[in-house]
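Colleague: I have not looked at this one before. Can you walk me through it?

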Amino acid sequence: MAADRTRILSGIQPTADSFHLGNYLGAVRQWVPLQDGHDTFYCVVDLHAITMGHEPDVLRARTRTAAAQLLAAGLDPARCSLFVQSHVPQHAELAWVLSCITGFGEASRMTQFKDKAAKQANPSVGLFTYPILQAADILLYQASAVPVGEDQRQHLELTRDLAQRFNARFGETFVVPEPYIVKETAKIVDLADPVAKMSKSADSQAGVVDILEDPASIRKKIKRAVTDTGTEIRFDPENKPGVSNLLTIAATLSGRSVAELEAAYDGKGYGALKTEVAEIVVEATAPLRERTQEWLDNPDRLDKVLAAGSARAREVAGRTLADVYDAVGFLLPRP
Ligand code: AQP
């Protein structure tokens, strides 16, 4: 992989047995074409996945399933570095340094922390410092762009602030990254509650469609999707969030434009639209389910891909961390 190609970094948490359509359309799907022409690093962020409480065996299994889904979605180990965050110790090490230049008030303003903490009886300090670890994930690789969904914009802003602050205080060390957010799919909403984002940790899974979900269940959830009291099939996220979400999902997965779908379903009613969307989702996710299972049936092959990815990640991350330690004034150990 040529060193002069633009770096891209993104990650996803192994916090569920499957990614949902929001993760897939908002993030993972953008990762695939970026493999061409960029030096791409993609990671399964298991350190982040323990911030809300977890079961060890479940986490291990989900980490493999997450990697398998990424490969099934089109990540190619020959064209990207795919790794598990905990295999690269520099993430936690850089997070500590960055936490020492982050203001307590600044960290307290993160809306994702407020939302997630509100659902917990005793939120952890790890959940509070999550965005600082995320900044470390990105800055270690000198990434210039980070493909994510809209919900990550504020965390990206913090990452940029920390990079600029560090550079100003200790000398040019980090590339300041830009968010790479595809507007159309930046926020896929929950089918049962079309103002909330589709989320793995939603209280109810009724409106969350997983990419590994069986076709009968996908059809059922889409047929029950909340729309509105009207009948017109029109893309209008403000007034018709449910219908607009269905149109976005169908358009992105089928390759047809929203305008084409609006015209095709003009006067046909929501029932017909839902039937069509359900078939599009079932058809688009079938190969993902199949290929994920193939990778899961071959854990040795999967683990080798992750080992190669993490070796390359440690190499790049190690160089950045050495520069950081030197810049902040840590006494370097004798070789
Ligand atoms: N609804 C969404 N629409 C568009 N993009 C989304 N993403 C998540 N939900 C949507 C994007 O998916 C990537 C991976 O997300 P994550 O697993 O790291 O964490 P998250 O953003 O917190 O996603 P969830 O599903 O809500 O997980 P939990 O419930 O475990 O926190 C990110 O790029 C995210 O923007």
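Predicted model: local features only at pLDDT ≥ 70, side-chain atom pairs only at ≥ 80, totals over all residues.

Colleague: Where does H6 bend?
Modeller: At Pro131, by about 40°. The bend is the angle between axes fitted to the seven residues ending there and the seven starting there. Helices (H or I, at least four residues) and strands (E, at least two) are DSSP runs, numbered from the N terminus.

Colleague: Is H6 mostly covered or exposed?
Modeller: Mostly covered, as 12 of its 15 residues are buried, meaning under 20% relative accessible area (1.4 Å probe, protein chains only). Pro131 is among them, including also Phe128 and Tyr130.

Colleague: Next, the loop. Which residue there has a positive phi?
Modeller: Gln142, near 55°. Most residues other than glycine have a negative phi. Gln142 sits in the loop between H6 and strand S4 (145-147) and is buried, at 18% relative accessible area.

Colleague: And how do H8 and H11 cross?
Modeller: The axes of H8 (residues 215-223) and H11 (residues 269-296) cross at roughly 150° and come within 9 Å. Axes are lines fitted to C-alpha atoms, for helices over the stretch in contact, and angles run from 0 to 180 degrees between N-to-C directions. H8 and H11 are therefore roughly antiparallel, a term for angles over 145 degrees.

Conventions:
Residues numbered from 1 in each chain as written. Heavy atoms only, no water. Buried < 20%, exposed > 50% of the residue type's maximum accessible area, 1.4 Å probe, protein only. Parallel < 35°, antiparallel > 145°, perpendicular 65-115°, else oblique.
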